[in-house]
Amino acid sequence: MIRHRKQTEKRQQLWEMMLILKYIDLHAAINQIDQLLEKFMHLLPSSEIYTSSNGTKARLLKLDGTIPITHSSKLYHIPIRLWFPLNFPNDCPIAWVVPQPNLDIKLYEHHQYMNKKGSIHHPYLNS
């Protein structure tokens, strides 16, 4: 019951933020983000100014939290941040692994999907 109430509150907060931020395809964006929040309950919605690599700034919806990853039979909770452009879902989300003081992220010299700053580039995010 408490879990359902928290999900309902999170869904209401999401609607309010996205209405204020003026997402272009509001219903499609909310539907997809809501599915993500149901699957990964530790992600929390908020809005903040995002600055792109070319210096453009926009207030966007972001999700902060952890996602579970299994590596070598061990479960890890990876801290991530997802930014959603105003044209989402037509434009892909921007994903980052967020460094934490107690988390040692070891990157191979040429990681397939993440650069040394934590920016995630995965084919799934580009489709």
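In this predicted model, the exposed residues His 27, Gln 35 and Lys 39 lie on the face of helix α2 that is turned away from its buried side. The buried residues of α2 are Leu 26, Ala 29, Ile 30, Ile 33, Asp 34 and Leu 37. They cover an arc of only 125° around the axis, which places them on the same side of α2. An α-helix has 3.6 residues a turn, so residues three or four places apart point the same way.

The length of α2 can be checked as well. Helix α2 comprises 14 residues (26–39), which at 1.5 Å a residue should span 20 Å; the C-alpha atoms at its ends are 20 Å apart, in agreement with that expectation.

In soluble globular proteins, nonpolar side chains tend to be buried together.

With neighbours within four places in sequence left aside, the contacts of Leu 61 include Leu 14, Met 17, Met 18 and Leu 21.

Two aromatic pairs are found in a search of the whole structure. They are set out below.

| Pair | Centre to centre | Angle between planes | Geometry |
|---|---|---|---|
| Tyr 50 and Trp 83 | 5.0 Å | 50° | tilted |
| Phe 84 and Phe 88 | 4.9 Å | 75° | edge-to-face |

The pair of Tyr 50 and Trp 83 links distant parts of the chain: Tyr 50 belongs to strand β1 (residues 44–51) and Trp 83 to strand β3 (residues 74–84), 33 residues apart. Tyr 50 and Trp 83 are both buried. Phe 84 and Phe 88 are both buried too.

The chain has a mean pLDDT of 82, with 77% of its residues reaching 70 or more. Strand β1 has the highest mean pLDDT among the elements of the chain, 94, whereas strand β5 (residues 119–120) has the lowest, 58. Where pLDDT is low, the predicted coordinates should not be read in detail.

Methods
Residues are numbered from 1 along each chain as its sequence is written. This is a predicted model: local features need pLDDT of at least 70, side-chain atom pairs count only at pLDDT 80 or more; totals for chains, interfaces and linings use all residues. Side-chain values use heavy atoms; hydrogens and water are left out. Rings of Phe, Tyr and Trp (its six-membered ring) pair if their centres lie within 6.5 Å; planes under 30 degrees apart count as stacked, over 60 as edge-to-face and the rest as tilted. Helices (H or I, at least four residues) and strands (E, at least two) are DSSP runs, numbered from the N terminus. Buried means under 20% relative accessible area, exposed over 50%, partly exposed in between (1.4 Å probe, protein chains only). The expected span of a helix is 1.5 Å times one less than its number of residues. The arc is that of the directions from the helix axis to the C-beta atoms. pLDDT is the predictor's confidence in each residue, from 0 to 100. Contact means heavy atoms within 4.5 Å.
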